[in-house]
Amino acid sequence: MPTCSILQIGDIHYPLYSNEAVVDDKLDASSGFLAGLAINPIATVMQFISNMVSTIHVDFAAFVGDFTDAGNSSEFDKSLEFFGKAFKAIKVPAFGVPGNHDLEWPKILTRDYDKFAAFQAIANNHSDSIRLSFDRHTKYDCSPGALSATALYAFNSCLGCSDIWKMGQLYDIDIEKHIQSLGSHNLYSRFDAPYIDQDSIASVCNEIRSNPSVVPIILAHHNLLPQRTPRVAIFPEMLNAGYVRNELKGLGRPIIYLHGHIHDSLVESLLSEDEDSQVSVVAICAPLFRDGFNHVQVFTSDDQVPLGVEIEEYRYEKVSIRSVNRRKIRFYGADKRDELLDDKGREILAGLRTAKARTYLDLSKEFSSSKLLELEFTGHLTINRTVKFNDKTWRVSAR
């Protein structure tokens, strides 16, 4: 059962958390001795990923933006250098998009200033380890060989950042004076007006329509749906999120949308408008990197029909990564899933309904493991993994 395996890396905000160390709340963290014993969350999460990829296959990492925190070019460079070296060392290709903090604040508030040029030049210096584009949209070649069933499209949703100064022309406001009256910590929320370029959406949607055999994965910094916690700001959400959602839903295909920005752990599904309850968009948010990451797996059938996505949420608590939380999103409702059954699948289910239950080890001698896992993912059979590392104990039954 072919899958695409992705590490979704959330907002980093370097150097805000780069030197942060966590100790027990009962201890006095101001002590130099205790600080020496403390644990850095970013280093711990990165070490966990390094160990993880030595035991499971990962196709690529997807960074959702905000590599740095204060719009400082030097810190942006250090962040890319750290993570570039880390992912190059574990031999995992990395792709990414910029966030609203990955711009040279407050310089970009100056009229006619090319707000992407300085940071794009820095990103180009690290392109051998992290592919990061500030273009309106980019298609990343992340699926060689067996991964031809997936395509990764990246959108720069920060196109409206800093452009609020144009309102001064509209309302006769001295924006320059107002900017100077703000503290630097307010600039990001006050001047973040995210949107995705309409021509880019049209171009990518047309390409998706011309490739019916691929599962499209979209990468952007900002969220498509309103966030769970209300934000009091001029532009709390993506300005044209409704348009983007509508265009993606209109494709009639399952789309995976990876994003960050809201520092939350959300998995949300949008249904298409047909009677089969087909999922059109699965929006997956990554947490702050200091809080963990997501392992996203795209599941397809043996004949490359997209079946669904499984999200493994690895979260950092105090001193280590806690037990993983898994979420499974099937792309199709029950009626359509039955239509996807082939002769081999029907043969397996017919035998299980007669025998009621068989061992996984026994079944895998007659049928391919990928076919059994496909039927499990679509909800046609249940594999009871009593001892996860020993398939001799697993029992398989039809649902």
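How are helices α8 and α9 oriented to each other, roughly parallel or roughly antiparallel? The views below come from a predicted model, in which local features need pLDDT of at least 70 and side-chain atom pairs count only at pLDDT 80 or more, while totals for chains, interfaces and linings use all residues. Residues are numbered from 1 along each chain as its sequence is written, and side-chain values use heavy atoms, with hydrogens and water left out.

**View 1. Helices α8 and α9 pack against each other.** Helix α8 (residues 198–209) and helix α9 (residues 241–249) pack at an angle of about 10 degrees, and their axes are 11 Å apart. The two helices are therefore roughly parallel to each other, a term used for angles under 35 degrees. On the α8 side Q198, I201 and C205 take part, and they meet Y243, V244, E247 and L248 of α9, where contact means heavy atoms within 4.5 Å. The residues of this contact divide into five nonpolar, one polar and one charged.

View 2. P15 itself is found in the loop between β1 (3–9) and α1 (32–37).

**View 3. K91 and its positive phi.** Although K91 is not a glycine, its phi is positive, at about 60 degrees. K91 is placed in the loop between α3 (73–89) and β3 (94–96), and with a relative accessibility of 74% K91 counts as exposed (over 50% relative accessible area, with a 1.4 Å probe and protein chains only).

**View 4. H263 and its positive phi.** H263, a residue other than glycine, has a positive phi near 55 degrees.

**View 5. The largest cavity and its lining.** The count comes to one cavity of 30 Å³ or more, a cavity being a set of points on a 1 Å grid over the protein atoms alone where a 1.4 Å probe fits but cannot get out. The largest cavity holds about 70 Å³ of space. Its lining residues, which have an atom within 4 Å of a point, include L307, R337, D342, G345 and H380. Helix α13 (residues 369–377) gives the largest share of this lining, three residues. By residue class, the lining divides into four nonpolar, three polar and four charged.

Conventions. Axes are lines fitted to C-alpha atoms, for helices over the stretch in contact, and angles run from 0 to 180 degrees between N-to-C directions. Helices (H or I, at least four residues) and strands (E, at least two) are DSSP runs, numbered from the N terminus. Angles under 35 degrees count as roughly parallel, over 145 as roughly antiparallel, 65 to 115 as roughly perpendicular and the rest as oblique. Ala, Val, Leu, Ile, Met, Phe, Trp, Tyr, Cys and Pro count as nonpolar, Asp, Glu, Lys and Arg as charged, and the others, Gly among them, as polar. Buried means under 20% relative accessible area, exposed over 50%, partly exposed in between (1.4 Å probe, protein chains only). On a 1 Å grid over the protein atoms alone, a cavity is a set of points where a 1.4 Å probe fits but cannot get out, and a pocket is an open set with protein on both sides within 12 Å along at least five of seven lines; lining residues have an atom within 4 Å of a point. Grid points are joined across faces, edges and corners, and a volume is the space filled by probe spheres set on the points.
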